[in-house]
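Colleague: I am new to this one. Can you take me through how to read it, feature by feature?

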There are 4 protein chains.
Amino acid sequence: MPDESPTVTALVQGKDTKGIIATITNWIFDHSGNIVYLDQHTDPVEDMFFMRIRWDLDGFVVPREEIDDKFGEVCWRLQMAHRLFFSDRKKRLAIMVSKQGHCLLDLLYRWRSGQLIVDIPAIISNHDDQRDIAGYYNIPYFHLPVTKETKPKQEEEVMSLLRKEGIDTVVLARYMQILSPKFVNAYRNSIINIHHSFLPAFAGADPYRQAFHRGVKIIGATSHYITEELDEGPIIFQDIVPVTHRDNVITLRRKGEDIEKMVLARAVAMHVENRVLIHNGKTVVFGG
Amino acid sequence: MPDESPTVTALVQGKDTKGIIATITNWIFDHSGNIVYLDQHTDPVEDMFFMRIRWDLDGFVVPREEIDDKFGEVCWRLQMAHRLFFSDRKKRLAIMVSKQGHCLLDLLYRWRSGQLIVDIPAIISNHDDQRDIAGYYNIPYFHLPVTKETKPKQEEEVMSLLRKEGIDTVVLARYMQILSPKFVNAYRNSIINIHHSFLPAFAGADPYRQAFHRGVKIIGATSHYITEELDEGPIIFQDIVPVTHRDNVITLRRKGEDIEKMVLARAVAMHVENRVLIHNGKTVVFGG
Amino acid sequence: MPDESPTVTALVQGKDTKGIIATITNWIFDHSGNIVYLDQHTDPVEDMFFMRIRWDLDGFVVPREEIDDKFGEVCWRLQMAHRLFFSDRKKRLAIMVSKQGHCLLDLLYRWRSGQLIVDIPAIISNHDDQRDIAGYYNIPYFHLPVTKETKPKQEEEVMSLLRKEGIDTVVLARYMQILSPKFVNAYRNSIINIHHSFLPAFAGADPYRQAFHRGVKIIGATSHYITEELDEGPIIFQDIVPVTHRDNVITLRRKGEDIEKMVLARAVAMHVENRVLIHNGKTVVFGG
Amino acid sequence: MPDESPTVTALVQGKDTKGIIATITNWIFDHSGNIVYLDQHTDPVEDMFFMRIRWDLDGFVVPREEIDDKFGEVCWRLQMAHRLFFSDRKKRLAIMVSKQGHCLLDLLYRWRSGQLIVDIPAIISNHDDQRDIAGYYNIPYFHLPVTKETKPKQEEEVMSLLRKEGIDTVVLARYMQILSPKFVNAYRNSIINIHHSFLPAFAGADPYRQAFHRGVKIIGATSHYITEELDEGPIIFQDIVPVTHRDNVITLRRKGEDIEKMVLARAVAMHVENRVLIHNGKTVVFGG
C-alpha cells in the first residue's frame, strides 16, 4: 500500500482484559496521532487479545526515537507484548532457493514492479541454477553447496551472511533442505516456507506423487512459518487447484507450481505488511 | 455467533476525522464496557470512516434504555451517523418468493438449525407453490397474487403486512417482481435480493440464457440491496461456479441455483449480524 | 440430463489394447445406433483403458433385451469389463442418516425438483430426528437404532431392507456408524459417503476440531466410495471453503456443512449419471 | 504433455450425423493406428458435432505425408471440417506486449521450464520496456512504436514480420492496441487476448476502475480469441479472485495481474495443445 506520509504500525498481543483498545487509542489520540487502521481479534477459547493499529507520524507529538519506549510503557502496563514497524523502514529479506526457480522469479518480479516493498540483499542457494536470474535483477547470489558432512558448516555460513546483511526475514522459496533447530530459533517466526501440499495432507516428501497415488481431486499449497517440527509451523495462507484423473505426477507438479508461487507471494506480503500475529502454533492474519 | 451475555453492536459512519476511535472506545471504557469486537475502515478516496464495535452489557454502567441516547450524543459530537443493535433482540424477516423454492428452503433450514437467528413472521408470495414448505416450518404463508393491474394494490397489501408484523428486513428469495420506488424507499438498505448472475454481467432477464449464448466459462450469483435502479444496488456478496461447453441452459440453471442459495444465505447472515455498512452505492462488510 | 428418447450408457474398462474404440463404435454403428456421447481415458502408468459411451435406442436394431448379451460379447473379445445402464431405468437409492439433516434435506430437494432422477424407497436412520422431513417428502422412514451390542443385528435388518427394496446405491448422508466389511462387500463401489474434511487431511473423528487446532486457512469435504479401510476409499469429488482466525469450531462446522452437502450432491449426481469408473483405489470421472 | 513417440491430433467439427465416431475410429484402426485420446461433444441445440482424437504414428501404416490427404477424404465424406497437428511440430508463437510485463514474463518462464512447448521467434511491442527480459531469454525483440497516424503502417510491419517468421499463433499479453479487421481476419481464431475483467462485465477501458466504482466483491480475467467485435470473441478460459472494501484501484490491479497471467497461461496451453474448437462465437475446450 502506498503510504504518502510515514506511519507506524503496532502489533499488540496478550491476555485479554478490559480497556485495552481504549487505553491504546486514547494514548495515540492524546499525542495528536491520527489512527488510519485498527483491527483486533479476541480469542475467547485462549482468552487472548490481538491488535494491529496504524497511525500517521505527521503531527504526532512523540519524537520518533521515543515512540517505541513510550508505546512500550503503555503496553507494559496492560501486560501486552508489542512490536512497532515504521513504514519508511523496509524489511530486509533473504531468499533461499534450491534448483527450481518459479517461486524466486515470481517474488523478484513483484519486487521489481513495486508490489513487494522490501530490500533483498541476498539470494542464497545450495545450487548454482538460479545465478542468472539473480544477475538479471542485480541481487548478490551466494552459492553455498551442502552435503551431509558440510551441512553444519554451510548453515554457519548462511547465518553469518544473514547477520552481516541485517536480514530480518528469510523466505524459503523451495529450499529443499531442513534447517537445524539452532537456525530456526535464531529466526523464530521470521522464516517463511512454501510447502507443496494442502497441509496437513501429504506432509513430507514428494507430495504430488502422494496426491497422485491417493487420487485426490484437488491439490494445494501451504505457506507457513518454520518451527522445529517439520511441516507443523503456523499456517499463513493456503490455496488449492482442482485436478482430474487425466493428471499425472508431471502435470500435478506444474499445476502445483502455479499455486505454490501465488500462495508464497500472498504469505510474504502478509508478513511484510505486518499483518500476521502468532499464538500457540496458529496465526491471526488481519485484512490488508 | 453464540453470545452468552447480551452485547450491543454499534455501526458508525461519517467523514473521517482525528480521534474517532479513541473517543468512542474511551467512552465505552469509562462506563465499564468490555469491547469484544472492533473493526474499522477508512476510505481515503471518499474520506469516510466506518466502524463496527461491540461491547458486553454485563457490567456496563449506562442503563440499557439510555445507551442509544448517550452513545448518540458521542457520535453527534463527532458528526458521525450511528445505529445500535442489541444481541438479544432478533431481527424480524419477511421472505418473499415466487415459484422457485431453493433459496427459501435453504434459509428455512438454516433458521431451524439455529444458524440464522431471526424471527420469520411471514413468507409472502405471488404464487401458491411454496405453501407446503411454509407449513412444514409453521410459518404463516401469505399468497398475494399480482397482475399488471393489481400490482399497486398488491404492494399496498404487502407493505401493510410488513408494518403489521414489525418487519425490519425483507429478503427477496427469487421474488420475480420489480418493487416500486415507494416500496424500495420505505425499506431502504433493508431489502436483500439475489440476482442470478455475476453482476454487472448479465443484468436483466434470464441471465443463464444470456450466459449460455455468450459461452462464458464461469457463472455467478450476486446478493445486493435493492435500490430504485434495477440490479444496481450495493453488492453484499458474490460467488461463482465454473461451467463448460457441456452445460446447456438447464444445467446452467441448476448449477446457478446452488450458487444463488449459498450467496443469498451468506449475504443475509452478513446483514443479520450487522456487519454491513453502505456508502455511495457500495458496501463495507466487516469480518464475522 | 433430460433424455427425450431412451439411451443406453456403457461403462467399459480393462487393459489397454489397440482398436477398442473402433471395435465398439463400429459395432454400435453397424447396428444403426447413434452415439450421443463418448469419452475415454487411457492411463499409461497402469496401462488401463476406460470408456463411457452412450447411444440412442431409437432405431437401434438389436432388441433391447439382447443388448447386454451382444455388447458383452464384443467386450469379452476385447477382454474388457462392462456395465450397461438404460436411461429409462432409474437407480434405486437408500439414504442413511444419523442426527444431522443438512445433506439429506439437500438431496431430497434436488430429487423433488427433478435434478436428481432416482427412486428413493427408503430413508434409514439410527435416530428418529429426520422422520418429519421424510414424511414431508412421503418417503418411508426406517428408524433402526444401534448400540454396540445390537450392531450386527441392526446391520442385518438394514441389509435385508435394502434387498427387499432392490436398492442399488446407498448414500451415507452423514451416517455416523462404521459399516462392517460384510456390508461394504455386499455393496462394493455402491456406497457413497461424505467425509467432513479434505481427505487425506483430518481423517478420523471430529475433523473440524482438528482443523481448528491446526489453524488451517481452508476446510473441505470429500465424497468417496466406502471401502474396508476407513476414509481410504476412491475419491469422487472434493471442494473447499476458506476460513480465518475468526472461525471457531462452531462456525467451522457451519461452513463445513455447506460444503458437505454440495460435495455429496455433486458426487451422487456423478454416480447416478454413470460417470464414475473405479480402478486401483482411484476414480475416473467423466464430464457430464 | 510428454509424448515419447510422435502422435497426430485431429480436430473435427460439423453437422452431427450417425456414425461419425465409428467411421473415423475404424479408419484409424484399419490402418493400425492406436488411439490414445478421444473426446467428443454433441451440441443438440446447434446440432453440431465436435471431436478431438489422437493416435500414435508408431506402426500407423499411412505414410506421414499422406495422412492429411487420406484423413481429409474420410472427413469430406462425412462433411466434417478437420485440422491435423503432429506432436513433433511445434507451434510458432509471437507475443505482443505494451508496457506491462507480468503476462510476458509468466509465459517465458513456462516456456523456458518446458511447460509451454512452442517456438517463440518474436516478441513485438509498441514500447521498449520489455527489451531486457526478451534479451534475458534470447528472443528477438521488435520495438514497433505506434501513433494514430502510423498505426496502419505499424500493423503492416507487424504482419510482415509474422509472415516472415511463419507465426501461426499471436498472443496479446497485455498489448493495449486495437487490431484492425484486416489483421484479425488474417489470423482468425489464432489471436489470443487477455482481458482484465470477467467478461461480459466491465468490457472496455480500465475495468479495475469500473470494478472499484461498482463495489464488486470479485474480480476476474478472461482469455478469448480476438474477433472484429471488441471484447466479444469466443471465451477460452476465465477465473476470478475475491476482493473486499479494503481494495482500492491499485490493489485491485495487483490482484488482477495475478489472475490475468494465470488465465492467459491456461488459455495459451489449451490452444497450443489443440484442445479448443470454435463454433458460433463459443468454444468447446476438451480436457488435457
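Colleague: How far apart are the C-alpha centres of domain 1 and domain 2 of chain A?
Modeller: This is a predicted model. In it, the C-alpha centres of the two domains of chain A lie 31 Å apart. The domain assignment gives domain 1 as residues 7–86 and domain 2 as residues 92–285.

Colleague: How many residues of each domain are in contact?
Modeller: Nine residues of domain 1 of chain A are in contact with six residues of domain 2. On the domain 1 side, β1 (7–15) and β3 (48–56) of chain A each give two or more residues. By type, that side divides into four nonpolar, three polar and two charged residues.

Colleague: Now the whole chain. Which radius of gyration does chain A have, and which would a compact globule have?
Modeller: Start from the chain length. With 288 residues, a compact globule would have a radius of gyration near 19 Å. Chain A has 21 Å, which agrees. Its C-alpha atoms fill a box of roughly 60 × 40 × 35 Å along the principal axes.

Colleague: What is chain A built from?
Modeller: Chain A has eight helices and 13 strands. Of its 288 residues, 45% count as buried. Among contacts in chain A with a separation of 6 or more, 67% join residues 24 or more positions apart.

Colleague: How do I read a nonpolar core?
Modeller: In soluble globular proteins, nonpolar side chains tend to be buried together. Here the largest nonpolar core has 332 residues. Those that touch the most other members are A173(A), A173(B), A173(C) and A173(D).

Colleague: Which residues does A173(B) touch?
Modeller: Leave out residues up to four places away in sequence. Then A173(B) touches I95(B), M96(B), V97(B), C103(B), L104(B), L107(B), I194(B) and L264(B).

Colleague: On to the copies. What rotation superposes chain A on chain B?
Modeller: A rotation of 180° does it, with 0.0 Å of shift along the axis and an RMSD of 0.0 Å. The two copies are thus related as by a two-fold rotation axis. In chain A, D39(A) has the C-alpha nearest that axis, 2.5 Å from it.

Colleague: Why do chains A and B meet through the same surface?
Modeller: Compare the residue lists on the two sides. 100% of the interface residues of chain A are also interface residues in chain B, so the copies meet through the same surface. The contact takes 16 residues from chain A and 16 from chain B. On chain A, α1 (20–30) and β2 (35–43) each supply at least two residues. The largest share, seven residues, comes from β2(A). The side of chain A that touches chain B divides into eight nonpolar, six polar and two charged residues.

Colleague: How many residues does the contact take from chain A and from chain C?
Modeller: The contact takes 23 residues from chain A and 23 from chain C. On the chain A side, β11 (235–242) and β13 (282–285) each supply at least two residues. That side divides into twelve nonpolar, seven polar and four charged residues.

Colleague: Take one helix. Why is α1 of chain D largely enclosed by the rest of the structure?
Modeller: Count its buried residues. Eight of the eleven residues of α1 (20–30) of chain D are buried, so the helix is largely enclosed by the rest of the structure. Among the buried ones are I20(D), I24(D), I28(D) and F29(D).

Colleague: What do the buried residues of α1(D) pack against?
Modeller: Two chains contribute. From chain C come α1 (20–30) and β2 (35–43). From chain D come β1 (7–15), β2 (35–43), β3 (48–56) and α2 (64–78). Just after α1(D), S32(D) takes a positive phi of about 65°.

Colleague: Where is D47(B) found, and is it buried or exposed?
Modeller: D47(B) sits in the loop between β2 (35–43) and β3 (48–56) of chain B. Its phi is positive, about 55°, although it is not a glycine. With 10 C-beta neighbours inside 10 Å, D47(B) counts as exposed.

Colleague: Last, the peptide bonds. Which residues of chain B does a cis peptide bond join?
Modeller: Read omega. The cis bond joins L199(B) and P200(B), with omega about 5°. P200(B) is in the loop between β9 (191–195) and α7 (207–214) of chain B.

Conventions:
Residues numbered from 1 in each chain as written. Chains lettered and ligands numbered in written order. Predicted model: local features only at pLDDT ≥ 70, side-chain atom pairs only at ≥ 80, totals over all residues. Least-squares fit on C-alpha atoms with pLDDT ≥ 70 in both. Contact = placed C-beta atoms within 7 Å. Helix = DSSP H or I, 4+ residues; strand = E, 2+ residues; numbered from the N terminus. Nonpolar A, V, L, I, M, F, W, Y, C, P; charged D, E, K, R; others polar. Buried ≥ 20, exposed ≤ 12 C-beta atoms within 10 Å, placed from the backbone. Rg over C-alpha atoms; globule rule 2.2 N^0.38 Å. Core = buried A, V, L, I, M, F, W, Y, C linked by C-beta atoms within 7 Å. Domains from an automatic or database assignment.
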